[in-house]
Amino acid sequence: MHALLPTTSTLPLFDVAASRRIEARALIHSPDLMERAGLAVAKLALALRQGSGPVWIACGPGNNGGDGLVAARRLTEAGVPVHVDHEAPAHASLAIDALLGLGLNRKPSLEMQATMAAMQTCGAPVLAVDLPSGLLADTGQPAGDHAVRADHTLTLLTLKPGLFTGEGRAHAGRIWFDDLGITPDEVPTADLLGPAAPPHRSPTSHKGSHGQVLVVGGAAGMQGAARLAARAALACGAGRVYLDLMGQPPGEPADPGRLELMRGRLEGLPQAVGVVGCGAGLTIAKALPELLQRLPRLVIDADALNAVADDATLQALLRARPAGSTVLTPHPLEAARLLGRDTASLQADRLAAARELATRLNATVVLKGSGSVIASPGERPAICASGSPALATAGSGDVLAGWLGGLWAQQPTAPAHAIACAGVDQHGRAGEVDGVLRAGDLIARLAAQR
């Protein structure tokens, strides 16, 4: 058993159907699986309980409840007072949520909801077994109006996607994992991202060895967004970074605060990685056809995504691009526009929405938000567990787009999916701070962790 985050390597995620199949086969060879699970819960409970009061264990009718009952027996054997009931005892030292777990497929009953509410107000830390009750394992969304908000979650046997995207992180608290000694024998549903190696830089390399990035955007009044993207590409290590600022008169510097950045146009940079749309406004729609047809690699963000959503011709040009040559970086509202649906229905199943959009537009999609999802045609999707609310600030998305462009410039043969996975995870790790992180400071943190 170990605390899971931050990840040190890429890990497999398994949805409900796969987890159940793995569990069924594991029971054939390991009939004591529930005993192992309950013992793991008891061990963690001993470490987490606060004070000398009883450990309250609320057990449901299924395997999750069985794990809780085994934990109760183990804790009793260790001399710990235990209260197994749906009603809270006085002065509980820990509340263990063993109500629903993986078996949830509908809104919890009124009785279950009452117990869940009592857990939140009992004054003790809450440990969820496998999943916080009421949280859907595949999507990370509550099945009804509420789900348990645990302080800790011990997920067992397999890692479930819903713990890491949607509302999962808000409900799971600190996530612990115990594989119970079982190696999954299925292809994963998705990957949980771990750190990627930085681009290799030869001792004999020069700026021409590390590619070019062309940032197109920055309409009048919005040039800061494009400059943030360009600064991020430069900090990432791209050899040359050019700005095509749509709202800037000729002759002015690209960025007075970063004189390393240059002004440039598509005509002189046919092999550059394009980072298109940051602060671009409505005028980007006229430039997009040529950019889509001429640049070999593209990162499309912000206003360029909205332009694509509004124009069937642009969508066709996007679909016609070679596989692995395009990254789209929408937030949920932009993704909903591209799919022609409302944001709530998209957020209800982020993995499915990202896969649908990737297939529809023949592109790698980074669906941003808590537990950003990376999906590409023909590739296993990935979820990023790094990041924090500090990234919920103006300009952080522009920094991500530029950073992806900078990574890709240095690795011209890398597919879009690999670039997106590496860049999103790095961006998230750099954003793991308390409070709010300004976008300019985020660039500095990204550069420092290379």
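The model is predicted, so local features need pLDDT of at least 70 and side-chain atom pairs count only at pLDDT 80 or more, while totals for chains, interfaces and linings use all residues. Residues are numbered from 1 along each chain as its sequence is written, and side-chain values use heavy atoms, with hydrogens and water left out.

Start with the strands. Helices (H or I, at least four residues) and strands (E, at least two) are DSSP runs, numbered from the N terminus. Strands of a sheet pair through backbone hydrogen bonds, either parallel or antiparallel. Here, two strands pair if DSSP finds at least two bridges between them.

E1 runs antiparallel to strand E8 (residues 174-178), and two bridges join them. In this pair, alanine 3 is opposite tryptophan 176 in E8.

Contact means heavy atoms within 4.5 Å. Axes are lines fitted to C-alpha atoms, for helices over the stretch in contact, and angles run from 0 to 180 degrees between N-to-C directions.

Strand E14 (residues 297-300) pairs with strand E15 (residues 326-328) in the parallel sense over three bridges. Here isoleucine 300 is opposite leucine 328 in E15.

Helix H6 (residues 223-236) and helix H13 (residues 396-410) pack at an angle of about 35°, and their axes are 7 Å apart. Among the residues that meet are Leu228, Ala229 and Ala232 in H6, and Val399, Gly402 and Trp403 in H13. By class, the residues of this contact are ten nonpolar, three polar and one charged. In this scheme Ala, Val, Leu, Ile, Met, Phe, Trp, Tyr, Cys and Pro count as nonpolar, Asp, Glu, Lys and Arg as charged, and the others, Gly among them, as polar.

Next come the pockets. On a 1 Å grid over the protein atoms alone, a pocket is an open set of points with protein on both sides within 12 Å along at least five of seven lines, and lining residues have an atom within 4 Å of a point; a 1.4 Å probe is used. Grid points are joined across faces, edges and corners, and a volume is the space filled by probe spheres set on the points.

The largest pocket holds about 690 Å³ of space. Its lining has 29 residues, and Lys368, Gly369, Ser370, Ser372 and Leu391 lie nearest its centre. H13 gives the largest share of this lining, four residues. The lining divides into ten nonpolar, 13 polar and six charged residues.

The second largest pocket holds about 590 Å³. It is lined by 30 residues, with Asn63, Asn64, Leu100, Leu102 and Gly103 nearest its centre. Helix H1 (16-29) is one of the helices that supply at least two lining residues, and H1 gives the largest share, four residues.

Finally, consider the loops. Most residues other than glycine have a negative phi, and most peptide bonds are trans. The peptide bond from leucine 5 to proline 6 is cis, with omega near 0°, and proline 6 is in the loop between E1 and E2. Leucine 180 has a positive phi of about 60° although it is not a glycine.
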